[in-house]
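Please look at the sequence and the structure first.

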Amino acid sequence: MTQSSDLPPKLITILKLSTFLIFLGRAYQHIVWDAPYRAFLWDEGILKGVVETVFGTTWNDYVTSLSAANAISFSIKTIGVFYLLCAIVVLLIKPNMKKLGTFFLLGGSIGLFILAFLYCKEKFFHVGQFFEYMIQFMSPVLLYMVLFTSVEFKKIRLIALIAIALTFSCHGLYAIGYYPRPGSFIDMTLNILPVSEPSAHAMLKIAGVLDFVVAIAIFIPRISYVALIYAFIWGGLTAIARLVGHFHIDFLGNTFSQWTWEMLIRLPHALIPLFVLIADRPEIRLWKVLFFRKNPQTIDA
């Protein structure tokens, strides 16, 4: 069995790049924009008793307090600084830095896990909303396992496949309309492709069905190669679409500021499938992936 410590350096590089992009994107989001922590901090049903008992103030005074609002904003930016440090550590981390890796990789992953839960809460606890972020909060864990554990690669590969399957299938739940289809999906499609709105809805339904097909196919050895290629390409396109679909030449600065980080946190949706693809076929080259050229050599996974 292949051990994680025996993996080719390029696989570790892919995991590092995936984790770095997530932390960098989230850092920019928290420092420059915002994050949904108020979905919890301003939930009267959960925190009213705590606020009134511990802090001795009424709920109305708390939610209208300027100092409380400033404290929340400052805390969000502080979390952003932490993610920025996580991104820097990812670039510098080595197998002999386990304590540093434990704090920043696993600590950062916990933060991303909580963030996914907050997005889920903000979306009325749609379970799909939470698991759509699984690649994002599992990338640091996969990197940690590769660098600092002796876990067999087949287990790491399985975790990566589960993360891919849940991310793609939960994205598909929105695309097919099981959950309310986000207007941003339609806007991006219309802004990028010369199609009508009904056609955009139809295309998204097809893409959603393919998301489910991929989520199953990546576990079937005979067709996993093609499924992973599709996941790599589609994951990359949907990430880039965040920027291209909202690109406005007249507001160039705002376009890059608002949408680049959205693209960065989704590029791992392509990188993690690429990680599994190259792990399965270590001699493969990127151009062979793009042109569906098979390579028969595989590693023992």
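This is a predicted model: local features need pLDDT of at least 70, side-chain atom pairs count only at pLDDT 80 or more; totals for chains, interfaces and linings use all residues.

Residues are numbered from 1 along each chain as its sequence is written, and side-chain values use heavy atoms, with hydrogens and water left out.

**Exercise 1.** Determine how α6 and α8 are oriented towards each other.

Step 1. Helix α6 covers residues 98-122 and helix α8 covers residues 134-148; helices are DSSP runs (H or I, at least four residues) numbered from the N terminus. Their axes come within 7 Å and cross at roughly 160°; axes are lines fitted to C-alpha atoms over the stretch in contact, with angles from 0 to 180 degrees between N-to-C directions.

Step 2. α6 is therefore roughly antiparallel to α8 (the term applies to angles over 145 degrees).

Step 3. The contact (heavy atoms within 4.5 Å) involves residues of α6 including Leu-105, Leu-112 and Phe-113, and residues of α8 including Phe-137, Val-141 and Tyr-144. The residues of this contact divide into 11 nonpolar, 4 polar and 1 charged; Ala, Val, Leu, Ile, Met, Phe, Trp, Tyr, Cys and Pro count as nonpolar, Asp, Glu, Lys and Arg as charged, and the others, Gly among them, as polar.

**Exercise 2.** Describe the packing of α1 against α13, and then the setting of Gln-29.

Step 1. α1 and helix α13 (residues 252-264) pack at an angle of about 150°, with their axes 8 Å apart. The two helices are therefore roughly antiparallel to each other.

Step 2. Where α1 meets α13, Gln-29 is among the residues on the α1 side, and Ser-257, Trp-261 and Leu-264 are those in α13. This contact comprises 7 nonpolar, 3 polar and 1 charged residues.

Step 3. Gln-29 lies in helix α1 (residues 9-32). Gln-29 counts as buried because its relative accessibility is 1% (buried means under 20% relative accessible area, with a 1.4 Å probe and protein chains only).

Step 4. Leaving aside neighbours within four places in sequence, Gln-29 is in contact with Asp-34, Ala-35, Leu-115, Tyr-119 and Trp-261. The Gln-29 side chain reaches the backbone oxygen of Asp-34 at 3.1 Å.

**Exercise 3.** Is Phe-153 buried or exposed?

Step 1. Phe-153 belongs to helix α9 (residues 153-175).

Step 2. With a relative accessible area of 0%, Phe-153 is buried.

Step 3. Phe-153 and Leu-7 are 146 residues apart along the chain, and their C-alpha atoms are separated by 8.2 Å.

Notes:
Angles under 35 degrees count as roughly parallel, over 145 as roughly antiparallel, 65 to 115 as roughly perpendicular and the rest as oblique. Buried means under 20% relative accessible area, exposed over 50%, partly exposed in between (1.4 Å probe, protein chains only). A polar contact is a pair of N or O atoms within 3.5 Å; within protein, one must be able to donate a hydrogen and the other to accept it, and residues adjacent in sequence count only if both atoms are side-chain atoms.
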